Amino acid sequence: MIQVFIGKNKTSLELKEYHKFDWLNEVEVFSIFNQQDSGNISFGIQENNERYFVKYAGARNLEYTGEIQAAIQRLKEAEEVYRHIAHPHLTPFLTAFQTERGYGLKFKWVDGECMHNHWDFTPFEKYNSPDSPFVKLRNLPLQERISLLTQIYEFATFVEAKGYVMVDFYDGSILYDFNNGELHICDIDFFRKGPLFNDIGEDFWGSSRYKAPEEYQLNAAITSATNVYTLAGLAFAFIGGRSDKSFEKWEASRILYNICIKALENNPSNRFNTISSFYHKWKESLSL
């Protein structure tokens, strides 16, 4: 393990290998997200009295075991995704930059707490600590949580209309500003234009809490129906029993429950074929 000091304020960063961060010399680093297995290291920086979020590939953190060049290439591909998907709920993308040995994406900083804050909360604490963002979310009034889901589904419908499939979308992609009641979506790096197929197998990108069966199957099609499965899984996380899909653990109406159960069918053809149709049925049911 190697310790380097970055930014004007000499913030400590632990790496597996030495890496120069000269491009941070003139800014203050107020936050570091260094426990990702994607190959990226992210920073909260302050520059000219403005706050920004920077995602960087090129340095080897303690979690990443893959090739550095592969991480850089993925981040370059992600740049195109952020440029094409500009949505009010998405963290605003500003620019990309090249360094001697890496690549970075720069965003506006948004206030909010991540629903899968694994760097501060163990899996047990995530679901039990009163300070956990997820526990705070579950303690919100039911209608506020339903409103959050509806906003997420609207965003997903927008993404689908742009021709993208949402890969690696999970509760870690969701930020919520509890003070202002604002939803933010982040980390859409792996979204891809369809048609898309599972070229990895059971280790296909995504959280096991939300992955559809086809996301474990080599060469299976990854489609809007796959995304519908994930979106319904989020509903059970927000207003149901999480892994317990029984109606007894469900807090909302039977009709919303039935919609989400249909979306969780193992066979993709038995789900909603599109996010749009799922979202339309969801919204229609809210008005009943």
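This is a predicted model: local features need pLDDT of at least 70, side-chain atom pairs count only at pLDDT 80 or more; totals for chains, interfaces and linings use all residues.
Local features were kept at pLDDT of at least 70 and side-chain atom pairs only at pLDDT 80 or more, while totals for chains, interfaces and linings use all residues. Residues are numbered from 1 along each chain as its sequence is written, and side-chain values use heavy atoms, with hydrogens and water left out.

Start with the charged pairs. Counting a salt bridge whenever a side-chain nitrogen of Lys or Arg sits within 4 Å of a carboxyl oxygen of Asp or Glu, the model has 14 of them. One of these joins Asp-187 to Lys-55, with the closest N and O atoms 3.2 Å apart. Asp-187 belongs to the loop between strand S11 (182-185) and strand S12 (192-193), and Lys-55 to strand S5 (residues 50-57), so this bridge ties together parts that are 132 residues apart in sequence. Helices (H or I, at least four residues) and strands (E, at least two) are DSSP runs, numbered from the N terminus. Lys-55 is buried at 6% relative accessible area, whereas Asp-187 is partly exposed at 21%; here buried means under 20%, exposed over 50%, and partly exposed in between (1.4 Å probe, protein chains only). Asp-189 comes in too, as Lys-55, Asp-187 and Asp-189 are linked in a network of salt bridges.

Glu-79 is buried at 12%, but Arg-83 is partly exposed at 48%.

Now for the helix pair. The axes of H5 (residues 224-239) and H7 (residues 275-286) come within 8 Å and cross at roughly 35 degrees, where axes are lines fitted to C-alpha atoms over the stretch in contact and angles run from 0 to 180 degrees between N-to-C directions. With contact taken as heavy atoms within 4.5 Å, Ser-224, Asn-227, Val-228, Leu-231, Ala-232 and Ile-239 of H5 meet Ile-275, Phe-278 and Trp-282 of H7. By class, that contact has seven nonpolar, two polar and no charged residues (Ala, Val, Leu, Ile, Met, Phe, Trp, Tyr, Cys and Pro count as nonpolar, Asp, Glu, Lys and Arg as charged, and the others, Gly among them, as polar).
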